[in-house]
Amino acid sequence: MVKHIVFFRLLDEAEGKTKTENALIIKEGLENLIHLVPGLKHAEVGLNIPNATKTDFDICLQCEFDTWEDLNIYANHPEHLKVAGYIGKCKSARAAVDYEC
């Protein structure tokens with residue numbers, strides 16, 4: 001099994017929306033990928049508590065795949081790229097870890 005974990009820190013405002021509004025849009029978009037991307041076995045999106053410190057990340061994405069090839073398909077899938085494009089306009093930082101277990 002391959003796990004893909006990503007953290008995003010969001011801008012206070014982007015795309016005419018607040019951080020909270022964008023976090024909810026991103027969460028919905030990422031969670032919907034489970035129905036659209038072959039090979040994506042599990043996707044969970046957590047939003048940090050509203051009063052978290054400014055140095056914390058705002059969103060945590062955890063995905064599971066059977067193979068590295070499945071992760072690569074996900075990374076390049078058009079539906080994923082749409083969500084990633086929106087995130088790119090809203091994020092100030094990103095951190096990721098991919099590993100096999």
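Guide: A crossing is left-handed if the near helix is turned anticlockwise from the far one by less than a right angle. Keep that in mind for this predicted model.

Visitor: In which hand of crossing does H1 pass H3?
Guide: Helix H1 covers residues 19–32, and helix H3 covers residues 78–90. Where H1 passes H3, the crossing is left-handed.

Visitor: Is H1 roughly parallel or antiparallel to H3?
Guide: The two helices pack at an angle of about 160 degrees, with their axes 10 Å apart. Angles over 145 degrees count as roughly antiparallel. That makes H1, relative to H3, roughly antiparallel.

Visitor: How many charged residues are in the contact of H1 with H3?
Guide: From H1 come Asn-22, Ile-25, Ile-26, Gly-29 and Leu-30. They meet Val-83, Tyr-86, Ile-87 and Cys-90 in H3. Of these contact residues, seven are nonpolar and two are polar; the charged ones number none.

Visitor: Which strands are the edge strands of the open sheet?
Guide: The sheet has four strands in the order E4-E5-E1-E6, with antiparallel pairing. An edge strand pairs on one side only. That picks out E4 (40–47) and E6 (91–100).

Conventions
Residues are numbered from 1 along each chain as its sequence is written. This is a predicted model: local features need pLDDT of at least 70, side-chain atom pairs count only at pLDDT 80 or more; totals for chains, interfaces and linings use all residues. Side-chain values use heavy atoms; hydrogens and water are left out. Axes are lines fitted to C-alpha atoms, for helices over the stretch in contact, and angles run from 0 to 180 degrees between N-to-C directions. Angles under 35 degrees count as roughly parallel, over 145 as roughly antiparallel, 65 to 115 as roughly perpendicular and the rest as oblique. Contact means heavy atoms within 4.5 Å. Ala, Val, Leu, Ile, Met, Phe, Trp, Tyr, Cys and Pro count as nonpolar, Asp, Glu, Lys and Arg as charged, and the others, Gly among them, as polar. Two strands pair if DSSP finds at least two bridges between them.
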